Amino acid sequence: MPETHGAPRRRDERSQPSRERDASGRDAPLYGALDLGTNNCRLLIARPSRDGFRVVDSFSRIVRLGEGLSRTGRLDPRAMDRAYDALALCADRIVRKGVESVRLSAVATQACRAAENGADFIDRVRKGTGLRLRIIDPAEEARLAVEGCLNLIDPRAEGVVIIDVGGGSTELSWLKREGSDWKTTGWMSAALGVVTLAERHPEPEGAGEDWYEAMVADMGAALAGGGINDPGMLDLLRRDRAHLIGTSGAITSLAGIHLNLPRYNRDRVDGLWMTRGDCEAAAERLKALGPDGRAKEACIGPDRADLVLAGAAILEAIQRAWPSERVRVADRGLREGLLLQQMREDKKPPKRRTRRRGRGRGPAAA
């Protein structure tokens with residue numbers, strides 16, 4: 001697997017400090033990226049390097065901020081408390097590592113976008129932890145996911161569809177090669193993620209194929225309503241000149257099941273190629289395990305046991321609509337996109353201020 005810019009080569013690099021230095025010989029500054037999603041709260045702290053960045057610290061916790069949101073339109077008080085506690089831990093890590101506020105990008109996505117009290121919760125977090133979360137729109141969320149996954153594109157491919165499956169929404173971006181660059185030719189956001197889809201289709205006792213197919217059909221209808229019509233990309237996918245990239249906990253969990261991992265191993269999952277048959281076989285195994293069996297799987301656990309098949313159904317619907325024999329698994333996405341974006345912006349030389357000519361006004365000008 002080729003090394004990807006910004007991705008640590010070894011697992012221990014996610015927690016071991018890296019001593020990259022800037023042009024003056026000083027340690028390069030630390031940057032932080034915080035992503036509060038519908039299901040997870042995630043933090044990355046990293047230091048720029050010549051080939052991207054090196055991770056110094058990371059944090060991830062399932063908070064289920066969007067639990068019940070699809071029914072009530074509001075964030076539940078207990079869900080907000082869980083998310084607040086996780087964010088307080090993130091704020092403490094940020095302070096202890098010495099990340100300056102100007103180098104911290106903190107965003108919130110679908111749950112806070114959709115909830116009537118989303119802005120109120122953001123304000124509570126600001127007052128209580130000092131974190132200033134910015135609610136981003138679906139277009140920016142999709143763009144950041146693309147930014148974080150660009151280096152996983154097969155260099156021989158002519159097109160790619162990048163899939164970011166969240167807890168409350170799924171963003172898809174269509175990219176085609178233009179010379180040595182990639183151009184986004186279309187994108188869409190479906191208001192269905194693993195949490196919202198699972199809440200719309202609670203798993204019945206002894207769930208059969210009909211229950212799973214109902215989730216696939218629900219996501220299929222959302223895709224059809226997205227209005228993306230690209231015969232050229234369909235042709236590239238059918239001829240294996242394009243492929244899918246999937247980034248989400250649901251898709252990395254499928255990869256872990258496919259690999260029969262005794263415990264989750266990012267090094268083996270990030271960048272893994274899976275065939276469509278591999279994805280379907282992993283989903284079949286998850287169905288056969290049932291809720292209790294899924295909870296005992298090390299790559300899933302009790303927190304994801306009721307969500308992972310919703311994620312498999314979302315991927316299945318996309319593979320039916322955009323048939324590709326190959327999907328590349330990404331244990332990366334929005335946070336990595338935030339880091340790369342801010343580091344790139346900071347490398348730009350400051351704009352030179354031009355002095356205005358002409359007669360001044362008042363004593364100061366004179």
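**Confidence and selected sites**

Over residues 358-366, pLDDT stays under 50, and the model has 1 contact beyond four places in sequence for this stretch. Here pLDDT is the predictor's confidence in each residue, from 0 to 100, and contact means heavy atoms within 4.5 Å. Residues 1-19 also stay under 50 in pLDDT, and for them the model has 51 contacts beyond four places in sequence. Where pLDDT is low, the predicted coordinates should not be read in detail. Over the chain, the mean pLDDT is 88, and 88% of the residues reach 70 or more.

This is a predicted model, in which local features need pLDDT of at least 70 and side-chain atom pairs count only at pLDDT 80 or more, while totals for chains, interfaces and linings use all residues. Residues are numbered from 1 along each chain as its sequence is written, and side-chain values use heavy atoms, with hydrogens and water left out.

The chain has 14 helices and 11 strands; helices (H or I, at least four residues) and strands (E, at least two) are DSSP runs, numbered from the N terminus. Of its 366 residues, 52% count as buried. Buried means under 20% relative accessible area, exposed means over 50%, and partly exposed lies in between (1.4 Å probe, protein chains only). Among contacts between residues at least 6 apart in sequence, 71% join residues at least 24 apart.

Asp154 sits in the loop between α5 (138-149) and β6 (159-165). With a relative accessible area of 6%, Asp154 is buried. Its side chain reaches the backbone nitrogen of Arg156 at 2.9 Å, and a polar contact of 3.1 Å links it to the side chain of Arg326. A polar contact is a pair of N or O atoms within 3.5 Å; within protein, one must be able to donate a hydrogen and the other to accept it, and residues adjacent in sequence count only if both atoms are side-chain atoms. Leaving aside neighbours within four places in sequence, Asp154 is in contact with Arg177, His243, Trp273 and Arg326.

Arg47, in strand β2 (residues 40-49), is buried at 6% relative accessibility. A polar atom of the Arg47 side chain lies 2.5 Å from the backbone oxygen of Ala28.

Leu133 belongs to the loop between α4 (118-129) and β5 (134-135), and its relative accessible area of 8% makes it buried. Not counting residues up to four places away in sequence, Leu133 touches Leu34, Leu36, Leu87, Ala106, Val107, Ile122 and Val125.

Beyond four places in sequence, Lys183 is in contact with Trp174, Leu175, Lys176 and Glu178.

Finally, consider a helix pair. The axes of α9 (residues 249-259) and α12 (residues 308-321) come within 8 Å and cross at roughly 95°. Therefore α9 is roughly perpendicular to α12, a label for angles of 65 to 115 degrees (under 35 is roughly parallel, over 145 roughly antiparallel, and the rest oblique). Axes are lines fitted to C-alpha atoms, for helices over the stretch in contact, and angles run from 0 to 180 degrees between N-to-C directions. Ala250, Ile251, Ser253 and Leu254 of α9 make the contact with Val308, Gly311, Ala312 and Leu315 of α12.
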